[in-house]
Amino acid sequence: MMKLICFGVRKVERDFFIKLNRFGYELTLVEELLNDENIHLIEGHKAVMLRANCPANRKNLEIIKGYGVEYLLTRTVGYNHIDLDAAREMGFKMARVPTYSPNAIGELAITFAMNLVRKGTYMINRSREKNFTVDEFMFSREIRNLTVGIVGTGKIGLTTAKLFKGLGSKVIAYDIYENENAKDILEYVSMDDLIKNADIISLHCPYIKGSNDNLINDNLINKAKDDVIIINTARGELQDVEAIIRGLESGKIGGFATDVFSNEKEFFFKNMTGKEIDKNVEKLLNLYPKVLITPHIGSYTDEALTNMIEISYENLDEFIQKEFVKINYNNLIEKL
């Protein structure tokens with residue numbers, strides 16, 4: 001029986017891992033992310049499943065390889081937590097999850113947008129403090145009167161566009177590869193036109209190192225509409241945090257929401273109360289209610305989790321079945 005160890009399995013996720021295990025893997029479920037203290041738990045397993053921010057660097061990969069692991073899985077779309085060059089050198093068989101419920105991310109983007117437009121969290125927090133007065137900050141636009149710019153129209157971007165369209169917004173989009181099926185929902189424009197015309201800019205493109213680093217930068221912000229809202233549920237590397245802070249402090253950016261940071265592994269999934277944190281993240285936190293931050297939980301839904309686990313299990317089974325066929329073929333050749 002294949003022994004599979006899975007890191008970063010939250011308590012609420014355990015039953016999903018067990019229930020969806022139709023291949024009968026012998027599971028070890030570890031709540032913590034992979035770290036120096038728990039990496040020894042891998043000993044005796046042939047397969048490892050990681051989550052975002054599990055550091056599969058060269059040092060850890062060498063340890064993992066030393067324990068006899070053959071299969072390296074990640075239940076994520078992104079794989080920047082894995083040193084791919086080192087992993088290939090060491091001969092790991094690797095697989096990721098290319099897609100999962102696009103609604104999970106799309107709904108978070110919509111939640112961000114609605115809260116920033118209607119000042120929802122601000123008003124709720126005031127009421128919690130028993131302050132029921134109405135101030136000028138609460139005055140808002142209606143989202144149906146706003147133009148939403150979607151950057152990246154893959155499954156997630158297109159789903160998000162549909163959700164905004166359903167609220168009555170005009171939706172424009174930019175993508176290197178235009179999706180013909182999307183043109184009934186949105187209008188494709190150049191990146192410059194999107195920046196100049198969108199009241200809300202929502203990022204749903206992949207991060208390509210050396211190509212779109214710091215996509216949201218001073219230049220883009222200066223071209224944007226005054227009071228623009230920027231939402232990032234994609235990758236932290238797409239945003240220049242210092243430029244965003246400057247835009248917020250000058251009033252050019254009316255609201256900013258993010259579920260990701262390029263250095264998020266330093267603080268996400270940890271209780272940092274009373275502790276020092278990255279100075280720029282600290283500045284953003286102090287700009288609430290114009291800034292909303294969530295700890296990379298865009299995929300934290302029942303449907304997305306199910307997709308991630310099922311696909312990861314299937315990836316491992318495919319590896320096993322290919323090996324089984326290969327072994328039996330070689331035995332047949334030997335017998336002949």
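Hi everyone. Before we start, one definition we need: two strands count as paired if DSSP finds at least two bridges between them. And please keep in mind that this is a predicted model.

Let's begin with a bridge. Which residue is the bridge partner of isoleucine 150 in β9? That would be serine 202. The two strands around that bridge are β6, residues 147–151, and β9, residues 200–203, and they pair in the parallel sense over four bridges.

Now, helix α6, residues 155–166, packs on the sheet here, where α6 touches β6, β9 and also β7, which covers 170–174. The direction of α6 makes about 175° with that of β6.

Let's zoom out to the whole sheet. We have an open sheet of seven strands with parallel pairing, and if you follow along on the structure, the order is β8-β7-β6-β9-β10-β11-β12. At the edges sit β8, residues 187–188, and β12, residues 291–293, each pairing on one side only.

My last stop is a residue I'd like you to find: isoleucine 244, in helix α9. Is isoleucine 244 buried or exposed? Buried, because its relative accessibility is 0%, and the cut-off for buried is under 20%. And what does isoleucine 244 touch, leaving aside residues up to four places away in sequence? The list is Ile216, Ile221, Gln239, Ile253, Phe256 and Leu284. Take that leucine 284: it lies 40 residues from isoleucine 244 in sequence, yet their C-alpha atoms are 8.9 Å apart in space.

Definitions and conventions
Residues numbered from 1 in each chain as written. Predicted model: local features only at pLDDT ≥ 70, side-chain atom pairs only at ≥ 80, totals over all residues. Heavy atoms only, no water. Contact = heavy atoms within 4.5 Å. Axes fitted to C-alpha atoms, helices over the stretch in contact; angles between N-to-C directions. Buried < 20%, exposed > 50% of the residue type's maximum accessible area, 1.4 Å probe, protein only.
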